[in-house]
Amino acid sequence: MSDVLSDDGSDFNQDESREDVMTPAELIAKLEEAWLNEKFSPELLENRSEVVECVMEQLTHMEANLQRVRKGDAKASVHRMEIDRIRFVLSSYLRSRLQKIEKFFPHVLEREKSRGEGDPSLLSPEEFAFAKEYYANTETYLKAVALKRMPPNLQAVDMLKAVPEPCLDSFVFLRVKERQENILVEPETDDQREYAVDLEEGSQHLMRYRTIAPLVSSGAVQLI
């Protein structure tokens, strides 16, 4: 991971070769951003396993620090609520990803298979193993329950055609983090100039997801 979590002004893992330092607050903000994007995006986004791992490490340290707080200290309750809040966000983020993998598993695996060398992986190693196992189990179930009773010429099933793709034309709410110019709202139209808009920093919009999907990936906009 290129960012290093800093708890008290020092590097989290004392790796002096890493340039960027991330405070716990910045780390949690990154988790919340990934959570909201994943929650409101119609497709599975790039995995943020480095953020997940750092948050889990931070939670371990927070739990250890909480054990050292005197019983009856009012700060203990506040810290416990914050730990519970972070665990909820983390669990919801991971659950949203698993639900999308289950819903779109053949398309997720095909996208992972066709990605170019050097492109970021859509799935974490654990998610990739889960997706492959889910695919295999689904095929086994279909063959055992239905396909073996069908005529021989109908016993094969194309999962990519049988399972619907994510609807990228659905509309999403977003907040602009970095100003964007000449965003094509309807790129399929002939007269594109009439459908190009500028997105001002801090503004909020309701737009077709397909239009702003690259901006979500780059972090220029935040789904809300």
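## Proline 166 and its surroundings

Proline 166 is located in the loop that joins α5 (159-162) to β3; helices (H or I, at least four residues) and strands (E, at least two) are DSSP runs numbered from the N terminus. Leaving aside residues up to four places away in sequence, proline 166 touches Pro42, Glu43 and Phe104, where contact means heavy atoms within 4.5 Å. Its C-alpha atom is separated by 9.8 Å from that of valine 108, 58 residues apart along the chain.

## Basis of the description

The model is predicted, and local features need pLDDT of at least 70, side-chain atom pairs count only at pLDDT 80 or more, and totals for chains, interfaces and linings use all residues. Residues are numbered from 1 along each chain as its sequence is written, while side-chain values use heavy atoms, with hydrogens and water left out.

## Helices α3 and α4

Helix α3 (residues 74-114) and helix α4 (residues 125-145) have axes that come within 9 Å and cross at roughly 90 degrees. The axes are lines fitted to C-alpha atoms over the stretch in contact, with angles from 0 to 180 degrees between N-to-C directions. α3 is therefore roughly perpendicular to α4, a term covering angles of 65 to 115 degrees.

Residues of α3 in this contact include Arg97, Phe105 and Leu109, and those of α4 include Phe128, Lys132 and Tyr135.

## Salt bridges

The count of salt bridges comes to 16, each being a side-chain nitrogen of Lys or Arg within 4 Å of a carboxyl oxygen of Asp or Glu. One of them joins the side chains of glutamate 33 and lysine 177 (3.0 Å, N to O). This pair links distant parts of the chain, 144 residues apart: glutamate 33 belongs to helix α1 (residues 24-40), and lysine 177 to the loop between β3 and β4 (180-184).

Notes
Parallel < 35°, antiparallel > 145°, perpendicular 65-115°, else oblique.
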